[in-house]
Each structure stands twice: as structure tokens, then as C-alpha cells.
There are 2 protein chains.
Amino acid sequence: MPTYRAPIEDSLFILNDVLNIARYNNLPGFEDATPDTVEAILGEAGKMAEEVLQPLNEVGDTQGCTWHEDHTVTTPNGFKEAYDLYSESGWGALPFPEEYGGQGLPATLNAAVQEYVSSANMAFGMYPGLTAGAAAALITHASDEQKAAYVPKMLSGEWSGTMNLTEPHCGTDLGLMRTKAVPQDDGTYKISGQKIWISAGEHDMSNNIIHLVLARIEGAPEGVDGISLFVAPKYLLDGDGNPGERNGMTCGSLEHKMGINGNATCVMNYDEATGFLVGTEHRGLKAMFVMMNEARLGVGIQGLSQSEVAYQNAADWARERVQGRSISGTKFPDQKADPIIVHPDIRRVLMTARSFNESARALAYWTALQGDLSHRSDDDEVRQAADDFMGLLTPVVKGVITDTGFDNAVRAQQVFGGTGYTKEQGVEQFVRDARIAMIYEGANGIQALDLVGRKLPSKGGRAVQAYFKEVGKFCSAHKDNDEMKPYIEPLSKALSDLQTATMWLVQNGMANPDNAGAASTDYMHLFGLVALGHMWGMMAATAQEKLATGDEGSKQFLENKLLTGKFFMERIIPESATHLVRIQTGADTMMALDAEAF
Amino acid sequence: MPTYRAPIEDSLFILNDVLNIARYNNLPGFEDATPDTVEAILGEAGKMAEEVLQPLNEVGDTQGCTWHEDHTVTTPNGFKEAYDLYSESGWGALPFPEEYGGQGLPATLNAAVQEYVSSANMAFGMYPGLTAGAAAALITHASDEQKAAYVPKMLSGEWSGTMNLTEPHCGTDLGLMRTKAVPQDDGTYKISGQKIWISAGEHDMSNNIIHLVLARIEGAPEGVDGISLFVAPKYLLDGDGNPGERNGMTCGSLEHKMGINGNATCVMNYDEATGFLVGTEHRGLKAMFVMMNEARLGVGIQGLSQSEVAYQNAADWARERVQGRSISGTKFPDQKADPIIVHPDIRRVLMTARSFNESARALAYWTALQGDLSHRSDDDEVRQAADDFMGLLTPVVKGVITDTGFDNAVRAQQVFGGTGYTKEQGVEQFVRDARIAMIYEGANGIQALDLVGRKLPSKGGRAVQAYFKEVGKFCSAHKDNDEMKPYIEPLSKALSDLQTATMWLVQNGMANPDNAGAASTDYMHLFGLVALGHMWGMMAATAQEKLATGDEGSKQFLENKLLTGKFFMERIIPESATHLVRIQTGADTMMALDAEAF
């Protein structure tokens, strides 16, 4: 049976020491996020993840969700009780404004909580995760009346939420959408069509399900500029705002998937369901896109979450499993064999995952902090810079952390040998669950294209230039510090590769846009190496400063941190060179083959 | 529903044009392998794979095998009929000596057949695959009487075979083995103990199951030098050599696995089962190791097989699925969107898999040819050189082709977007099935250690030096040919990286063996890049020669071949530089953390 320990010490190091979020205590929400409060909240979140959610992870996978002839869906044993506890404890309300019953705490802190929840039970975490996304969309775009009607009960967990975008013939290309909305005399719309991949579209854990639905109002223009956003509750609200008449959408079936079996992935059939327009007509896709940074950051954290829990279990196994002898000489002569953690190749796997997890965690929090600053800072310049960084780094966080998180789950599985291939050990579930994060919320190829085609050129490259300046400034500030050399030199080299790649893209992507497309995934991963390397630089600098103060309690933690960062700098960040070579190759060869030749 | 087309044209190009196996027509078995015969055999094999085995792949996965209270195991619907057809058609006898009812054909040709079988239905292919392995072990090590008793009926498929090595507490480290064999007065042994992961250990497709079992004879020395090999049939043979009395081993349960559900992976309980010693006592592990090259080559081919079938289905999907517009301008204005194969990032994925598949296929055949030459050549020097190459390349073929084959299955799944995550499309099965090949028959970390710790230093580095000479000679021979420059320059660079890495290993692995362990996986993959690059060099040279003859029929095929090889040289082989950097980093950082710190 797999286990999980929330990495609270590491979260606190990042939040309090590296990012020092206390310095923002003049901003709304941050004033309450004192180090003591943060520690207390993470402690409680860790407990819930370890004791309530993790024990349900396997049953969620093996039992899955069940669709019934009456179109209802039953979630796995224990999920409803866990959901109630999660909701009652207020986890669904943590980062939301107090006026809707939220706790108003920073999204940065919420990022840590979401990692724990997802490591413990990714399929479970998606239910409140979707609700949070839908609530955030309503808060940003809905009328005051709509917000008052729906948001408080969504934050309390009494009602849950969904996002209905995909249709059988359109996922990435939402301009092809066919679901239609017919205006009624009373100002409502009748929505008809089929939506697929609707996570938590139907289930038995909440009293109502608030569907956000993209549809085309009859007569709207073709393409993405004719799509509107609607709110369509499973039960229409009665005069008192309570669930009343059943609305006209049903779950037609559940998808049979590779993983995240505990989550109900629904085919939703809309048959003249009553919907209420959210925001302006024909501006629905734009409205959804505003929410996308947060949603994609959340998916990036899912990638980290599976990498972390898989790593932890592989490390436990590597300490316990005895097999063979150390090639540098027997380490445990009194045992019949040495534990496999003595083998360098096992260490390589563990350190690869660990050096990623710790920096991906920092990057996720750092990006969430940019989101907080972009919303909460009282300084226009800070808000704009933070918004630029959040937008720029979102595809990197989503694409790189889910790609690498999956790779690490696979690596961790390998440590178990044959045992890792069985259901019994639970580690293969991490691989199957992690796989979806590379696909949904914009497949990673789309993230790469978003980075190269949209985020880079946006506003004359303002965001990327500011980012290079930020990382460059960090390198300059530490370049004369000998202890920082093992971190700064490799980071500077990778930054230089990224800048070269960016210049190449500017020059060659304009001449032939296929060159940008051909470079996009490598560019995203090269960007990721710099972003993770930047985090390692910051963490190393902080660790060295703290060590210099002679704090004995955290000495071992800090020294391990420095070693782990060194591993990243020695073995991982040098991959930047290969990415650069690939980028500079261009599109010609890959576009030359006839489509029929494949 | 996934489809499969056996890549016969490509197999023929490699066998006839690149390797030109006709030149060995003076050797036993090769005299029958004329181009016409080869084409006829591959045509039939392709038909069987496409029409009989592939349609059973999904049912094998969803239905799996069923264990019954009476310890019998039922295979999925249709498997028995397919097995009978496979056996009756003689596929199980193809590469075996005629004296046992084999067809005596080259293992090189059999490699092609095995790829098709495994692409179509990897779980099915394991049943005859294990039989072949067990038969080969008997042919090499058993007494004439034993061979006569078992081998012909195994080759005909009437009986099947297994290999029983692993126990719950020992997989990699077989020296820890506990299964015991107690000598009886009649010269037989009573075998008792538990074996796990026994593929095809119990099933309903053959009349008898011939188990090869490793066990420790009572009183034998501890460790690997006290292990003996036994043959223990499910039904003991009666006086006429027919299955008689039931022997004392039973299947206690089936493993629940991530994939290859169509194969019965058994826990086998031996309770005083009668076994017959094969070969010399205490030399059992050595006997098994002799068979390991062939078995590992077979697993490498499984990696290729899933990469190929996943690639084919992704290419089909990419041609059919319309979504978005080409970034270099609309390609199909009369459709609502362009097929996704217009997108460079989709091409990148397809070309990455394709450029690997074609060279991995060549490398698998080339390595199988070395095996053939090592057994069949009449020239001592040729036999020795071929045996050296086979031994050296085996861990590379097994480790690199299964690692990369799995990665390609994952990449292919990504092309499908959300659809690829559902069971319905079948592509996620390729990922789950491919995963096991990285683990069994020696986990890939063990392959890397075998390469670095055993194969490299063997006989003063004779094999690796000969290999460098072989590749170097090829580069020299073509270096003045301008058309070959795009292939030779990158290959020469990678070869130089590999030579540098080898020198580093010699110098630093002796000083501290952990340095060799820390380098091993990167070294194996660096070696793989050179080996695949060498194949691309050979294929490019052959394609250019054939094109120069003006053969119009294969012009398109050959030009596509050259383009695909160019992609490999531009985008894949440059990874060698990162591997070299990693290797030269050494073991210090990864070994520094306390085991408890992970």
C-alpha cells in the first residue's frame, strides 16, 4: 500500500524563507498569512491529505464511478464522507474573497494545499478543483445577482461546479463548437448539444451541480467570436434560492479511462436545458481564458503531486528492498544483501525526481504569488509585472511540470522492478493518473504553442524581456559569491541558451511560422529548465544565508537542499544545450514528408 | 479501434538491401532465406498479425485471464483458436534446428516476425515467446533424451514453456533464491518453493506446460553458484512420452497488472514437484544467462513493436482529425479546419517515433544477425566477432529500445488528446503494455550495469574496441561523399562522445565503481544513439545507392527514408552531448545524501 507524507517543511521553506511572503503583509489576505498561520494551515491540510484522502486513492482507482440507468452517478466508497469533511473544514473557500464566504487567503498558500490534496488523491481533488474554477469564473464574469445566488454555496461545498467546453469533434479548436443556445422571452436560453470530458459532471456528493457551459447563441458568428458563456444548474433555483426543478441536462455515460477513475468524467447531454448568460454574449471564450492561468497552474501542480508521491514511495522501497551488493563494496555485511538505495543508478532516479519536485514546488508557488500580486498589489507597476510573469510562466508550469512529473512517476515505478507493474503496490496508479495532466486543460503541445505564439510576442515581448532581466539580475547579484558558483554558472549558461533560442525564434518564426511550431515544445522545456534553475538559485542562496546564521535545527535540511540543487545543476539543466540545437534545426525536415507517407 | 499494418516493405529493405542477408547463403538456414522466401514468409506473418492477432488485442486487455478455484487459468476469448492457428502454421518452429522439427531459418528473419506478432498483440506473443526461450535453453543445455522428449512438441506448439526464476524476495539478485530441490533415489528431484511473475505459467491453450525452474539443491553453496536448472513438466510424461500424471506445481493466483492483461502472469507454487536436472548441478544460472541475449533481444523488439503500432495509429488519427488551422496558413480551405498533421508539433512527435522505429528495427535485425553469425558461420573469427557484438549490443537493444519505445507510445497517445486517454481508442493500452518491457528480463538499470560493468571490460574491452572500429570504419568510408555528410558528421560526433565517455569510465570507474554505476544509464543511452545512428548511416548509404540506380518503384520510399534519417541526425543524435556531460559528473553528488534523507 502506498503512503504519503505532506512535504510541509519544504513548503514552509519556500513560502517563508525563499519567497518570504510575510513581506506582502500589507496586501489583502497576506496580512492573515503569518508564518504561524501558514504552518497551522499546512499542518491541517497535510493531516487531511494523509489521513482522509490518501487512504481512498486506491479504492477510487479500483472501484471507480458507477453510472446508473437513471443517469445518476455514484462515486467510490468513502468519497462522499471525505468530500463533506473537506467542505466542512473550509478547504474549498480558502483563497476566495470573504464577501462570498471565502477566507481571503493567498492563492500562493492554496497552491501548497492543492499539492497535498492531489498527491494524496488526484481524482478526488478534481471535484473541489473544478468547483473552485467555476466559482472563480463566476466571480470574475457573472452579475452580482448570479454571484450571490451561486458562489457562496459553491465555496462551502454544498454545491459543486463544472466547466463544459469540449465536444466530440472539438477540443483544442473550440471555434468548431456546435452546442446551441436559443434565447427565450424571459431572458434565459435553452441549451442543446453534447459536451464530453466533463469532470464531475454528475455525482452524488453535492446537493446541486453548477455547470458553466460554452455554447453558440442562435445566429451568432462562426468561430470563436460567436461563443457565449452560460451558467446552468442541475437543479434550477426556486424562489428561495434552493435547488428546485430538475434542469434539462443529463449524464449519458462515463468515459472509461486510463486513470483518475475516482473522478466521474461525463458525457453531458443538454436537451433544452435552461441556461443564464454570464457576461457579454459572444465573449464566452475570452471569459474562460481569463480563468485559464489559474486552472493551468492547478494542473501543473497535479503533475508535481504525482511526481512527489511516486518519489516518496520509491524512496521508501529503495530503503527497504534488499537486493544485490553495492558495487563500491558491501554496505550491510550482516544482511544477505544491501538495500537498493546503495546503488548509484537508483540514486540517480531518486535525485532526478527530488531535484525536480523541490524546484517545481517553488516554481508553482512563485507563479501563484505572481497571480496574487497581479490581483492584490496596490502598485500598478507591480500588478502589471506580476500579471506578465503569471501569463508567461503559466504554459511553462503546466507543460513542463506535467511532462516531467509523469516521467518521474515512470522513473519511480522503475525502482520497484516487477512489483511496480502490479496493482497491489499502487505505484502504477500514479503513472496512469499523472498521464492525464499532460492532456487536459490544453494539451502540452498547445501550451508550447501558447508560449511561443502568444505569450512571447505579446506587447512587443515585454513579459519575456522582463523575465530575462529578472533571472539575469539574480545571476549578477550572486556571481561573485564562490559558494553560489555551482548554481549561478549553469543557470547563466541555460539563460544564455534560452536567450539565443528566443532570438532565433524572433528571426526565423516570422520568416516561417512553422519554425516556431517546430521549436515550440523544445522551447517550452528549455524555458522550464531556466525557470526551475532560477528557483534552485533562489533556494540555494536562501539556504546558504540561513546556514550562515548557524541555525542547527534546519542544518541538515538546508545542506540536503544544497546537494539536491547541485544535482539539478550538474545533471538536469545541461539539457538546455540539446533543446537549443533542436530549436535551431527548424521545420524543413519534419514538414517535408507527404502526409500520406506517415 | 486501433489498427495495424505490418511494415513489410521496411523489413525487406533492411534484410535484403541494408544487411543483404543473401550474402550469407552459404550458411545453414540462410540458404533457404532467399529474397522470395523472405518476402513470402513476412507476407504471411503480416497477414496473421493483422487479421488474427490484432483483433484480439483489445479483448485480451479488457477481459484478461481468469484464475479458477481448481488452479486452472482461462485465457481471453479467441486466444486458444489463435494459438492453434499460430502453431499449426509453424511460426513457433521457424528459427529452430530441423532435427527437432524446426525450419532452421535465420533468427534474423524471426526477429521481423516477432515484431509483427508483438505489435499486433504483445500479450499473446508472450506465450510462444516463452516457449521459444525454454526450448532454446533445452536445446543448449539438456541431455539428448530430454531434448527428444520435450523440444519437438514445444516447437509444434502442442506444449508450451516457461522460465521460473523470480521469487518474492529476489528478482535481480537471484543469489538469494530459496526454492529447493531435494535429490531422490531415482535421480530426479523434488522441487518446493514459490516462484512469481511466471508468464504463461498456467493457461488453457496447450496440452502440457514445460517449466524450466531454477532452484537450489539441498546443501548447495549459497549465492549464485549454488543454483541449478530443472525441467518440470505440468504433466509428467508416461512411458510413451505423452502427458500423464499431474506434477506438483500449481498456479496460486494471477498478478493484477498495469497491462499485458492477456498474458497469464502466475504465482507458481511448487510442492515437491518432480524436476529433472538440466545440465550440470550448480551451473543453472550460467545456463540461463546463455539464453539471455536472445530473450533480451526479444524484449527489445517488444519495445519497438509498441512504438510502431502506437505511431501508426497516431499517424492515422493525425491525418483524420481536423482541428485548428496550420500556423503557416490554411491548408484545407474547403474544410472547417485542417487535419492536425499540418501542425509542426504533431509532425515532431510522429517523426521522433518514426525515426526511432526504423533504426530500432534495423538495429534489432542487425543484432539478431550477429547472433546467427555467432552460431552458424564457418569462420572462427567471424563467429567470435559476431558473438562479441551480440553480447555488447544486447543490453543496448533491450534497454534503449524499450525505454524509447515506451516514450514513443506515450508521445503517440498525446497526439490523440483526450481521446487517447480513453479505453475506447486503444492507444492507452500500448502505453500500459509497453511499460513492462522496461522492467522484465532484467530491468533497464540492470541492462545499463551489464553494459558498463560486464560487457565493456570483458576480455580487455575487445568487443567495444571492435565496435568503435566498425562504426569508425563506416564513417571513414563515407566521409568524402557530400550526400552522406548530413549523416556521417552527426554520427562521427556522437561516436566521439561515446569514445570520450568510455575513456572517462575506464579512468574513473576503476578509481570509484560508483562512478560507473552513476554513469551507466546515460552511457547505455549514449551507446544507443550511436548504434541507431550507425543504422541510419547504413540505411542512408543504401538508399542513396539504390536511388542512384534509378529504381522508380521504390523512389518515394527511399526519399522518405533519407528524410527520416536526416530528422534523426538533426534532432535525436545530438542528445549524446547531454549524456556525456552527465556521465562526466560522476557519483559524488548523488551519493552524498543520507539514505534516510530521501
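Predicted model: local features only at pLDDT ≥ 70, side-chain atom pairs only at ≥ 80, totals over all residues.
## Where domains 1 and 3 meet

Chain A splits into three domains: domain 1 (8-155), domain 2 (161-282) and domain 3 (443-598). Let's look at domains 1 and 3 of chain A, whose centres sit 30 Å apart, going by C-alpha atoms. Seven residues of domain 1 and eight of domain 3 take part in the contact.

Together, these two domains of chain A bury about 660 Å², and 72% of that is on carbon and sulfur atoms. On the domain 1 side, A:Glu9, A:Phe13 and A:Val18 lose the most area, together 65% of what that side buries.

## Charges across the contact

Side chains of opposite charge can pair when their charged atoms come close. Between domain 1 and domain 3 of chain A, the count is two salt bridges. There are also two residue pairs in polar contact between these domains. As for the domain 1 side of the contact, four of its residues are nonpolar, none are polar and three are charged.

## Salt bridges inside helices

Over all chains, the count comes to 63 salt bridges. One of them joins A:Asp450 and A:Arg454, at 3.2 Å from N to O. Both residues lie in helix α12 of chain A, four residues apart, or about one turn of the helix. A:Asp450 counts as buried because its relative accessible area is 6%, under the 20% cut-off.

B:Arg319 and B:Asp316 form a salt bridge, with their closest N and O atoms 2.8 Å apart. They lie three residues apart in helix α8 of chain B, and both are buried.

Terms used: Residues numbered from 1 in each chain as written. Chains lettered and ligands numbered in written order. Heavy atoms only, no water. Domains from an automatic or database assignment. Contact = heavy atoms within 4.5 Å. Buried area = accessible area lost by both parts, 1.4 Å probe. Salt bridge = Lys/Arg side-chain N within 4 Å of Asp/Glu carboxyl O. Polar contact = N/O pair within 3.5 Å; in protein donor to acceptor, adjacent residues only side chain to side chain. Nonpolar A, V, L, I, M, F, W, Y, C, P; charged D, E, K, R; others polar. Helix = DSSP H or I, 4+ residues; strand = E, 2+ residues; numbered from the N terminus. Buried < 20%, exposed > 50% of the residue type's maximum accessible area, 1.4 Å probe, protein only.
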